[in-house]
Amino acid sequence: MQFHRIYGLFLRHFYLIRSSFPRILDLVYWPTIQIILWGFISKFFTMHSEFYNNTAGIILSAAILYDFLFRSSISFNMLFLEEIWSRNFTNLFIAPLKVNEIVIALTATALIRTLIGIVPAVLLASPFFGVSLLDLGPALILLLLSLYAFGITLGLFVVSGLLRYGPAFENVAWSSLFLLAPLGCIYYPLSILPDWLQVIAKGLPLVYIFEEVRSILLNNVVNYSNIMLALVLNFIYFLLSIFVFYKAFDEARNRGTLINVGE
Amino acid sequence: MSAIEINNLNKKYKRTSAVKNINFKISKGKTIGLLGPNGCGKSTTLGMILGLIKPTSGSVLINGENIENNRTNLLEKMNFISPYIELPKKLTVEENLKVYGKLYGVKNLKNKISELMEVLNLTEFGNRKTGELSSGQKNRVSLAKALINDPEILLLDEPTASLDPDVGDYVRGIIEKFASKNNSTILLASHNMNEVERLCDEVLMMKNGEIIDQGKSNNLISKHGRKNLEEVFLKIVRS
């Protein structure tokens, strides 16, 4: 693995973001709108719901964390889609890049894109709605790590689909996280789901992450076994996504789709 | 040892055979033309040499090493240009060259970029976004990217397609100079017979996924009893 190659791929996306003010605005705009909307919803529920009446901003905290997950996954997908849209795909794949260098470069760049979007929104949440993610305490670091890992994992699955099926897979890239959101129990407890769906939901790290967020904010209790379980599940899914990515890359070479990919 | 050695190379897509059992060797420093009608397997062959397409059977050896076994290291010594692929349009010319310089691990990158921009008459466009350039200027930027790592092996897929005769001639001149200065090996796929006659030491003729003839341009012209390479091409394609 060579740092200069990872840095080169990072630079490609850094220059792209830097080159366009609308692009930066777009990164910041949606998370901010999302947080303002959920801020008011959260305020309403806090005033009128028995479940939430002891703790302000559970919904808003969940919304911020979900947006962090959403942005990390979409950012990863976007970096890959940019190459397809700009017809630069083949140039990259004939450069001496290893698959693990691509994954590392895109993971680092996606983090920066995510932070550009989410940090202003998080900063707004405190003065406007009195909600701070720091209320989650030291566990916040592990929760963010877990969410980011899941976002990247999902991104890797989608990118594998783009490699395997080409630009036609783009719609899945946009909708992938919406499919999992109902099962992630982001805004409601696991017990709301029917029994059979609970079984499926328990296979997702999201459930443990958001159950834990509610547990910390409502009861002030940190259950590290839940957090560890989420991290272990994430690790397993991440390994699986790497395997799928390698397979997709191999299959794309078999099918000859790495050459002349573009819209 | 040959710079490129192709042994019994085949590529099948489901029921279609894109490349059928081709064999050839290219010695270091030679420029070889790859000619053939659309869909004859030229791009698939180039794709397999670059490791972008996995052969169904056979092998591609670059400097004696199988591309399938050591793809990343071998690609450091190679580069490619095609009118069907582009550089990111939103990046400036200099940014694009810097990105690819980093990807190829080019030493003294700043000097290399300045040198290429001067040779390719791009200095005044360094801060312009690549997407804002004319097709001739974009082609020169792509060529700069293809030369950024001083490739030992350069694969060119219709490098002057869609260029006006003046720019096309200019680009051919650059390729000629680069090849003689660096003793690089070049495989040139083209439909421009004058270009092939001017640049190439030898020619490979492909049809229906097979190499059906090969040799020096003059020898092929006399062997087929024609006036020039274009007539040879037409005879072979229509037979």
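Quick definition before the structure: two residues are in contact if their C-beta atoms, placed from the backbone, lie within 7 Å. Keep in mind that this is a predicted model.

Chain B, the sheet. Six strands form an open sheet in chain B, ordered S6-S7-S8-S3-S9-S10, and the pairing is mixed. Now the edges. Strand S6 (78-81) and strand S10 (210-215) of chain B each have a single partner strand, so one side of each has no neighbour in the sheet. On average, neighbouring strands are turned by 15° against each other, direction ignored.

Look at one pair. S6(B) and S7(B), residues 153-157, run parallel and are joined by four bridges. Phe80(B) has Leu155(B) in S7(B) as its bridge partner.

Next, the helices on this sheet. Helix H1 of chain B, residues 42-49, packs on the sheet and touches S3, S7, S8 and S9 of chain B. Its direction makes about 155° with that of S7(B). Helix H9 of chain B, residues 229-238, lies across S3, S9 and S10 of chain B. H9(B) runs at about 25° to S9(B).

Over to chain A. How far apart are the axes of H3(A) and H5(A)? The answer is 8 Å, for helix H3 (58-85) and helix H5 (99-129), packed at an angle of about 155°. Angles over 145 degrees count as roughly antiparallel, so that is what H3(A) is to H5(A). The crossing is right-handed.

Who makes the contact? From H3(A), the residues include Leu60(A), Phe68(A) and Phe76(A). From H5(A), they include Leu106(A), Gly117(A) and Phe129(A). The contact residues divide into twelve nonpolar, five polar and three charged.

Definitions and conventions: Residues numbered from 1 in each chain as written. Chains lettered and ligands numbered in written order. Predicted model: local features only at pLDDT ≥ 70, side-chain atom pairs only at ≥ 80, totals over all residues. Pairing = 2+ DSSP bridges. Helix = DSSP H or I, 4+ residues; strand = E, 2+ residues; numbered from the N terminus. Axes fitted to C-alpha atoms, helices over the stretch in contact; angles between N-to-C directions. Parallel < 35°, antiparallel > 145°, perpendicular 65-115°, else oblique. Left-handed = near helix turned anticlockwise from the far one by under 90°. Nonpolar A, V, L, I, M, F, W, Y, C, P; charged D, E, K, R; others polar.
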